[in-house]
Amino acid sequence: MKKNRGAPGPDGMTIREFESWCPEHWPAIQQQLLDGTYRPAPVRRKTIPKDSGGERSLGIPNVLDRLIQQAIAQVLTPIFDPEFSESSFGFRPGRSAHGAAKRVQQIIRQRHEHCIDVDLSKFFDRVQHDVLMSRVSRKVHDVRVLRLIGCFLRAGVMVEGVVQPTDEGSPQGGPLSPLLSNILLDDLDKELERRKLKFVRYADDFVIFVRSE
């Protein structure tokens with residue numbers, strides 16, 4: 001978060017302020033996590049322009065919630081990532097947009113020169129929580145962790161001082177959301193592989209390559 005110069009969440013606490021606040025309060029937070037009683041705060045909504053036009057909604061969590069999300073992501077990534085598709089490049093360790101572009105060049109050189117460009121409309125806003133959690137629970141069996149992830153998904157969003165419920169969606173802006181998106185979309189990747197299609201996916205954008213129109 002320090003490296004990314006992360007902005008404060010709804011409580012206004014900066015990363016620098018959190019560093020002095022945390023040592024005193026962490027034992028109580030840790031106990032809540034162990035007891036399964038910790039409840040994340042709503043995220044702060046922020047809208048940014050998209051390169052392709054339109055706007056993208058971000059959900060900025062409080063610094064404490066970002067720290068906990070990051071901890072979850074660091075534990076779960078080694079569990080899920082090794083079985084993700086080789087054609088998936090977004091938000092994965094050791095992978096990048098540059099690697100995705102290189103893979104596209106390789107596919108084109110194999111004479112798959114026609115492509116179908118697909119963007120999953122409002123993917124992060126429309127994630128179904130029960131479907132996502134069923135995918136997570138395939139490998140995660142600790143009920144406290146599953147409940148905590150569910151609480152992050154349902155924490156709500158603060159809009160002009162009013163908390164709005166989040167019955168669906170996985171807010172972009174937290175460290176856990178990218179991993180959850182890859183977990184959910186891995187079934188799509190596996191289906192494209194089953195059909196022996198050549199494709200490259202980066203988050204909710206992917207391109208399928210074929211030899212002819």
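A polar contact is taken here as a pair of N or O atoms within 3.5 Å; within protein, one atom must be able to donate a hydrogen and the other to accept it, and residues adjacent in sequence count only if both atoms are side-chain atoms. The structure is a predicted model, in which local features need pLDDT of at least 70 and side-chain atom pairs count only at pLDDT 80 or more, whereas totals for chains, interfaces and linings use all residues. Residues are numbered from 1 along each chain as its sequence is written, and side-chain values use heavy atoms, with hydrogens and water left out.

The protein contains seven helices and seven strands, where helices (H or I, at least four residues) and strands (E, at least two) are DSSP runs numbered from the N terminus. Their order along the sequence is α-β-β-α-α-β-α-α-α-β-β-α-β-β. The radius of gyration is 19 Å, close to the 17 Å that the globule rule gives for 213 residues, so the protein is as compact as a globular protein of that length; the radius is taken over C-alpha atoms, and the rule is 2.2 Å times the number of residues to the power 0.38. The C-alpha trace spans about 60 × 40 × 30 Å along its principal axes. Of the 213 residues, 38% count as buried (under 20% relative accessible area, with exposed over 50% and partly exposed in between; 1.4 Å probe, protein chains only). Among contacts (heavy atoms within 4.5 Å) with a separation of 6 or more, 71% involve residues 24 or more positions apart.

Helix H6 (residues 143-153) has as its buried residues Leu-146, Leu-148, Ile-149, Gly-150, Cys-151, Phe-152 and Leu-153. These buried residues pack against helix H1 (15-35), H2, helix H5 (129-136) and helix H7 (177-194). The N-terminal end of H6 is capped by Asp-142, a side-chain oxygen of which lies 2.9 Å from the backbone nitrogen of Arg-144.

Asn-62 occupies the loop between strand E2 (55-60) and helix H2 (63-80) and, at 9% relative accessibility, counts as buried. A polar atom of the Asn-62 side chain lies 3.0 Å from the backbone nitrogen of Asp-11. Beyond neighbours within four places in sequence, Asn-62 is in contact with Gly-9, Pro-10, Asp-11 and Ala-41.

Most residues other than glycine have a negative phi. Phe-91, however, has a positive phi of about 60°; this residue lies in the loop between H2 and helix H3 (97-109) and is partly exposed, at 43% relative accessibility. Lys-122, likewise not a glycine, has a positive phi near 50° and is located in the loop between strand E3 (114-119) and helix H4 (123-126).
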